[in-house]
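Have the structure open while you read.

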Amino acid sequence: MARFTDTDGGDDRPGLDDLEPVVELLEPLDEAEDDDDEDDYPDDATEEDVDLVVALYREDGQPVAVALGVELANDLDELIAQLRRLPGDGGAVGLVSIASEFFVLVRVRGKHVQVLLSDELAANDWPIARDVADFLGSELPDDDEDAGPIGDLDIFADVGLPDFELEALCEEDEDSDAVVERIVKKLKFTPQYRKVVQVSFGL
């Protein structure tokens with residue numbers, strides 16, 4: 001039987017050092033997927049887009065309203081973190097209104113977090129609305145859908161604002177910051193809230 005020998009005593013087959021690792025071949029694909037996700041994510045709301053970012057809470061039974069940084073209007077997780085730091089007797093509420101188009105309500109009581117987005121179509125165009133949809137596990141709506149609010153409509157049911165009434169407010173054909181003020185009135189924070197939004201947001 002013939003034998004094939006290497007007259008130089010070497011082996012010209014590719015060695016392990018000459019082979020590209022599979023993971024390196026896959027990395028460009030992964031990066032492309034990440035780029036697609038980033039391209040699909042809405043641009044941040046600018047300072048001009050943000051109507052208001054306000055927190056409400058009660059300290060020793062007294063209503064308190066404070067302005068929060070406008071950067072929180074683009075980051076639900078950080079908004080929740082900031083609300084947790086407030087010394088509220090029973091937690092704190094965050095109110096965000098963007099471009100007079102939609103609002104986000106967040107209520108934080110310890111580890112319990114409730115969120116409401118007044119118009120789910122906003123999740124296609126604005127970061128904090130997208131964050132709320134992700135938080136709730138909701139799919140993004142089609143732009144031509146007749147969308148409405150998503151989230152915890154009973155967020156204030158225990159303090160005098162039932163879910164059906166809050167849903168009706170979300171569907172009002174009115175600027176979102178005006179609707180937020182009507183909600184604030186139901187929560188009995190109007191004087192404190194009005195002072196904050198006038199000084200900090202010029203409303």
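1. Where is the place of serine 118? Look in the loop between strand 5 (112-117) and helix 3 (127-136); strands (E, at least two residues) and helices (H or I, at least four) are DSSP runs, numbered from the N terminus.

2. A quick caveat: this is a predicted model, where local features need pLDDT of at least 70, side-chain atom pairs count only at pLDDT 80 or more, and totals for chains, interfaces and linings use all residues. Residues are numbered from 1 along each chain as its sequence is written, and side-chain values use heavy atoms, leaving out hydrogens and water.

3. Back to serine 118, which counts as buried because its relative accessibility is 5% (buried is under 20% relative accessible area, exposed over 50%, partly exposed in between, with a 1.4 Å probe and protein chains only). Its side chain reaches the backbone nitrogen of phenylalanine 103 at 2.9 Å. Neighbours within four places in sequence aside, serine 118 touches Phe102, Phe103, Gly148, Pro149 and Cys170 (contact means heavy atoms within 4.5 Å).

4. Proline 162 sits in the loop between strand 6 (150-151) and helix 4 (163-170). With a relative accessible area of 23%, proline 162 is partly exposed. Beyond four places in sequence, proline 162 is in contact with Leu153 and Ala157.

5. Last, the helix pair: helix 5 (residues 176-187) and helix 6 (residues 190-201) pack at about 150 degrees, their axes 9 Å apart. Helix 5 and helix 6 are therefore roughly antiparallel (an angle over 145 degrees). Helix 5 contributes Asp177, Val180, Glu181, Val184 and Lys185 to the contact, and helix 6 contributes Thr190, Tyr193 and Arg194.

Note on methods:
Axes are lines fitted to C-alpha atoms, for helices over the stretch in contact, and angles run from 0 to 180 degrees between N-to-C directions. Angles under 35 degrees count as roughly parallel, over 145 as roughly antiparallel, 65 to 115 as roughly perpendicular and the rest as oblique. A polar contact is a pair of N or O atoms within 3.5 Å; within protein, one must be able to donate a hydrogen and the other to accept it, and residues adjacent in sequence count only if both atoms are side-chain atoms.
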